[in-house]
Every structure is written in C-alpha cells, then in structure tokens.
Amino acid sequence: MAVATLHGRAGENAVKLALVRFGSDMRSPGDLTRPMTPAQLAWGWQVAEECLRRTKEQIRLNIHSSDFEACIQKAIRGIRKFQAEERRKGREVPGAPRWIVERSLRGVPTRIVQEVFLKMARQNILRELPFKPSRGRAATYFCLVEDAAD
C-alpha cells in the first residue's frame, strides 16, 4: 500500500523536479519565454524513479510483522555491513563472525539471540561456514544463503 501511494504522486514529483532543473538552467531569472526541454523532463523522471526505487528498498528492508522479524532484519543488515566494510579494505569474506551478528542485536536478551540464530538456520537464511583467512586462525562465519547462491 505504501508503494502504491508513492507511485500515485510520482508524476507530480517528476514535473516539479523538472521545473527545478528548468529554473536552474535559465540564463536570466526573468526568462520564462522559452519552453521546457525534453531533456529536463527526462531528468526529472529519472530522479523521481531513482528516489522511488530507494524508498521501496527501504520499505522492503524495514517492514516486519513482529519484534522477532525485526531482530532477523538487524542480523542480516549487520552481516551485510561487515561484508561491505571488509570489501572496502580489500578482503573478500563469505559472511560475518558470530560476534558481528551479536553486536547488531545489542540490547536483545541472549535467549532471543540464540532463537534468532536457530530460526535463521531453519528457514535457510543463514548458514555456518568454516573460514580460514590468509592470516590468522580459522573461524566459523555466518553466511547469508542468498549471497552464497550468487
């Protein structure tokens, strides 16, 4: 329903953005005699569509039916954030160590953290993988199944 609401106003928002672009492209502030160009309209639509895409992604990531589902989403975001940080450092890792997932669930009771791990494994969202980095000792990493399939 939220996505449908966003798309209902997309045309208006795109035209408003195109008007902003039109105003910023004017040579002199009072020059309103020339028409808006198709490139300015296309730019407005492109910006509006990108904003809609990002908003839909945020809705998809943050929607949950219970507090337990919210914990699962936090754990997934924690793993992805760790992987992104490692990629920035030039290291490719299959997942994240347990302490990263536990840190993303800071403030959640230990019993519920254990249940989150068990439920994610049962639902085939999370998989344990042994990982031996080039330096250091081997560890067990928790890998997201959808990332492993790519």
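Modeller: Let us begin with burial. A residue is called buried under 20% relative accessible area, exposed over 50%, and partly exposed in between (1.4 Å probe, protein chains only). By that scale Phe142, at 6% relative accessibility, is buried. Please note that this is a predicted model, in which local features need pLDDT of at least 70 and side-chain atom pairs count only at pLDDT 80 or more, while totals for chains, interfaces and linings use all residues. Residues are numbered from 1 along each chain as its sequence is written, and side-chain values use heavy atoms, with hydrogens and water left out.

Colleague: What share of the residues of the chain counts as buried?

Modeller: Of the 150 residues, 27% are buried. As for surface, accessible areas come from the Shrake-Rupley method with a 1.4 Å probe, and for residues only the protein chains shown count as cover. The chain exposes about 10,500 Å², of which carbon and sulfur atoms supply 56%.

Colleague: How many helices and strands are there in the chain?

Modeller: Helices (H or I, at least four residues) and strands (E, at least two) are DSSP runs, numbered from the N terminus. Here the chain has seven helices and three strands. Their order from the N terminus is α-α-α-α-β-α-α-β-β-α.

Colleague: In which order do the strands of the sheet lie?

Modeller: Two strands are said to pair if DSSP finds at least two bridges between them. In this model an open sheet of three strands has the order E1-E3-E2, with antiparallel pairing. E1 and E2 are the edge strands, each pairing on one side only. Strand E1 (residues 96–97) is joined to E3 over two bridges: Ala96 has Phe142 as its bridge partner, and Pro97 stands opposite Tyr141. Strand E2 (residues 126–131) pairs with E3 over six bridges, and Leu126 stands opposite Leu144 there.

Colleague: How many aromatic pairs does the count give?

Modeller: Rings of Phe, Tyr and Trp (its six-membered ring) pair if their centres lie within 6.5 Å; planes under 30 degrees apart count as stacked, over 60 as edge-to-face and the rest as tilted. The count comes to two aromatic pairs. In the pair of Phe117 and Phe142, the ring centres are 4.9 Å apart and the planes stand at 45 degrees, so the pair is tilted. Because Phe117 belongs to helix H6 (residues 110–122) and Phe142 to strand E3 (residues 139–144), this pair ties together parts that are 25 residues apart in sequence. Phe117 is buried, at 7% relative accessibility.

Colleague: Which residue lies over the face of Phe117?

Modeller: A charge sits over a ring if NZ of Lys or CZ of Arg is within 6 Å of the ring centre and within 35 degrees of the ring normal. Arg98 lies over the face of Phe117, at 4.1 Å from the ring centre.

Colleague: With which residues is Glu86 in contact, leaving aside its neighbours within four places in sequence?

Modeller: Contact means heavy atoms within 4.5 Å. Glu86 is in contact with Arg91 and Val93 when those neighbours are left aside. Glu86 sits in helix H4 (residues 67–88) and is buried, at 9% relative accessibility. Its C-alpha is 9.7 Å from that of Ala96, ten residues apart in sequence. Lys81, also in helix H4, is by contrast exposed, at 55%. For the chain, among contacts between residues at least 6 apart in sequence, 51% join residues at least 24 apart.

Colleague: Is Asn124 buried, exposed or partly exposed, and what is its phi?

Modeller: Most residues other than glycine have a negative phi. Asn124 has a phi near 60 degrees, a positive value in a residue other than glycine. Asn124 is placed in the loop between H6 and E2 and is partly exposed, with a relative accessible area of 45%.

Colleague: How many disulfides does a search of the whole structure find?

Modeller: A disulfide is a covalent bond between the sulfur atoms of two cysteines. The search asks for a pair of cysteine sulfur atoms within 2.5 Å, and zero disulfides are found in the whole structure. As to the cysteines, Cys143 is buried, with a relative accessible area of 4%, whereas Cys51 is partly exposed at 44%.
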